[in-house]
Amino acid sequence: MKTPWQVMTGGDWLIVICLLGISLSGIAWLATAPGGTRVVVTSGGQTVFSAPLDLPQSVDLDGPLGPTHLVIDDQGVRITDSPCRAKICISMGPARHTGDLLACVPNRILVRIDSPAGGEEPYDLLSR
Amino acid sequence: MPWNRPLIIGLLMVLLALTWWRLQPEEKEIRRSRLMMGTVVEIMAGGLKTSKLETAVDAAFAEISRLDKLLSSYHLDSDVSRLSQSDGGGKVAAETAEVLALGLDVAQQSGGAFDMTLGRLKSLWHFDEEASSVPERGAIAAALLGVGPAALALDGLEVYKQTPDLEIDLGGIAKGYAVDRAIAVLKEHGITSAAVNAGGDMYLLGQRPKRPWRIGIQHPRQKETVLETVQVRDQAVVTSGDYERFFELDGIRYHHIFDPQTGFPARGCQSVTIIADSVALGDALATAVFVKGPEAGLQLLAGYPRAEGLIVAADGSLYSSPGWAAYRVAP
Amino acid sequence: MTCSAVDPVKLTHARRQVFLAMFIAIAVTLHVLETLLPSPVPWLRLGLANIMTLAALYLYGGRAAWTVSLARVGVGALLLGRLFSPGFWLAAAGAIVATSAMIIVYRVAGRRLSPIGVSAIGAAGHALGQILAARLLVIQHAAIWQIFPLFLLFTIFSGILTGWLAAGLLEQLRQHPAFQPVADAEDSKAAEG
């Protein structure tokens, strides 16, 4: 049996090269393109959880007082349950924009929305 | 062939230019948040070397942590707690003295609207616990005894209390001071572009890597809306609002910015934003203006020519100091 | 060897049906065997069954290729117990896109391409069809496109492999009188007779 190279015609090579070009440039583009907006949760300075903002899910994050329940859905990310006393974290509502922060201070859970460099927000920080 | 040479040289030059452009070191920016001082502290720093940025930011957080232990009423052996416990006052660290000096100045200028001796009053209103209630009048009156700008005197590193059971609370200025010190630490590490934000009290150093800092000001009643956006450089932006910590009882909102005259939450404003040279000053002025209300507040600001303010009055109308418009970029 | 009393056209037609059935059987076997082999990603296979689709295309034309590829998907799913499962729809979508692409390319390019080129197009078509179906049915999320370039890269090589094997198969088959077009069979008959 002939080797593949003996069988392949000029047309074959053209097709293979075109397909290779498409796939390689696709890979290169993906490698350099910014990832989506992400939800990053830290506790005591360590990142304990990270997920894309656009994939609905819910998760329990463990802190010294117990689990803080986080929900990501189309409203954004919010805390729905936490073992703290004042439940301020729950009343903070959903966070959606880059730079938004949620925190359960007693349980040492800090949630922030990160976006890749180049997120064009109307403002860098919010004074509240 | 001779006519090819210019073309080749031209192409080489283009190639060289592209390579040089590609090799330019890129400005990086890091963003780190930590839970400190009972709130979220966020530091953004821009520069060429990420390792240098990380070191500087860690040092800045360490400084904030150190100052928190010195100035917070929640730490039992902070300067503040010691002063509150002792009868006559005591000796404090240089930083504490610096904060007190600044605070006393604003306290006097504002006729007592900004007050650092409301420790007992704040304990009465205990905002940090679940079941909040309105304290009774007698308790409030007792907590206000001896309160006022004259209640404290500062001589070098010595603090004198006029009344033995006076309790110090630096809540309206300590965070701001910590941010100022954090910025100083960043500058010591050679950082020229940074932002330190402690729960909405922030300082903007230099510019962002690509453009000036733009700060949105939260609308006091509409959570998702920005009231205005300002552009600042090497300045502090501080907002005090009645929506940050509050509870509602019988339809009345009780928030955490007290009027030292009544012992109840100040009713003149919904929020106050101050742009100033330091966050400590901005913090103190924001509280003072909030307590005084829009008109008296603007008069107070007039005495601080390098400070500007935006006030949302209790009825929602907007007031701003004359120089404020220069900072506004939107709407 | 061949009965001269039988109508050559009917003979050819009968041969075609029998061989296509065999091709389908072989394709299904190859497909099922492939699923038994270990693979880093469960649904990432070499697609050796495509050899038979190519053989059908080259020997009997476009409709035959459709027959073999669609039947392979259906029977394969039946055997594996995956009929109408999400995986089935993915495979079906892949087969549809791949077969369409292969037929178009074959008709347009003809002799300028060997089975390797057509197979590469077919493999790419399989990848595209499966990703499209996955995007619509399984993962309603644009993020699925992120695996497409890598997937495509893999299929290019598996396409070359199956195309090469198909070329070898075709070369062997064409030497046998049973696979030659009617006119040739007539000639060889005349030569014998």
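The legends below describe close-up views of a predicted model. Local features are reported at pLDDT of at least 70 and side-chain atom pairs only at pLDDT 80 or more, whereas totals for chains, interfaces and linings use all residues. Residues are numbered from 1 along each chain as its sequence is written, and chains are lettered from A and ligands numbered from 1 in the order in which they are written.

**View 1. The contact between chain A and chain C.** Chain A contributes 17 residues to this contact and chain C contributes 21 residues, two residues being in contact if their C-beta atoms, placed from the backbone, lie within 7 Å. On the side of chain A that touches chain C, the elements giving two or more residues are helix 1 (4-7) and helix 2 (10-32) of chain A; helices (H or I, at least four residues) and strands (E, at least two) are DSSP runs, numbered from the N terminus. Helix 2 of chain A supplies the largest share of that side, eleven residues. By residue class, the side of chain A that touches chain C holds twelve nonpolar, four polar and one charged, where Ala, Val, Leu, Ile, Met, Phe, Trp, Tyr, Cys and Pro count as nonpolar, Asp, Glu, Lys and Arg as charged, and the others, Gly among them, as polar.

**View 2. The helices of chain C.** Chain C contains seven helices and zero strands, so that, by the DSSP runs used here, its elements read α-α-α-α-α-α-α from the N terminus on. Of its 193 residues, 41% count as buried, that is, with 20 or more other C-beta atoms, placed from the backbone, within 10 Å of their own. Among contacts in chain C between residues at least 6 apart in sequence, 74% join residues at least 24 apart.

**View 3. The open sheet of chain A.** Three strands form an open sheet in the order 3-4-5 (chain A), with antiparallel pairing, and two strands pair if DSSP finds at least two bridges between them. Strand 3 and strand 5 of chain A are the edge strands, each pairing on one side only. Neighbouring strands of this sheet are turned by 30° against each other on average, direction ignored, with axes taken as lines fitted to C-alpha atoms.

**View 4. The two hairpins of chain A.** Strand 3 (residues 57-63) and strand 4 (residues 66-73) of chain A run antiparallel and are joined by seven bridges, with a hairpin of two residues connecting them; here A:Ser58 stands opposite A:Val71. Strand 4 and strand 5 (residues 76-81) of chain A pair in the antiparallel sense over five bridges, again with a hairpin through two residues. In this second pairing A:Asp73 stands opposite A:Gly76, and A:His69 stands opposite A:Asp81.

Conventions: A residue is buried if 20 or more other C-beta atoms lie within 10 Å of its own, exposed if 12 or fewer, and partly exposed in between; C-beta atoms are placed from the backbone. Axes are lines fitted to C-alpha atoms, for helices over the stretch in contact, and angles run from 0 to 180 degrees between N-to-C directions.
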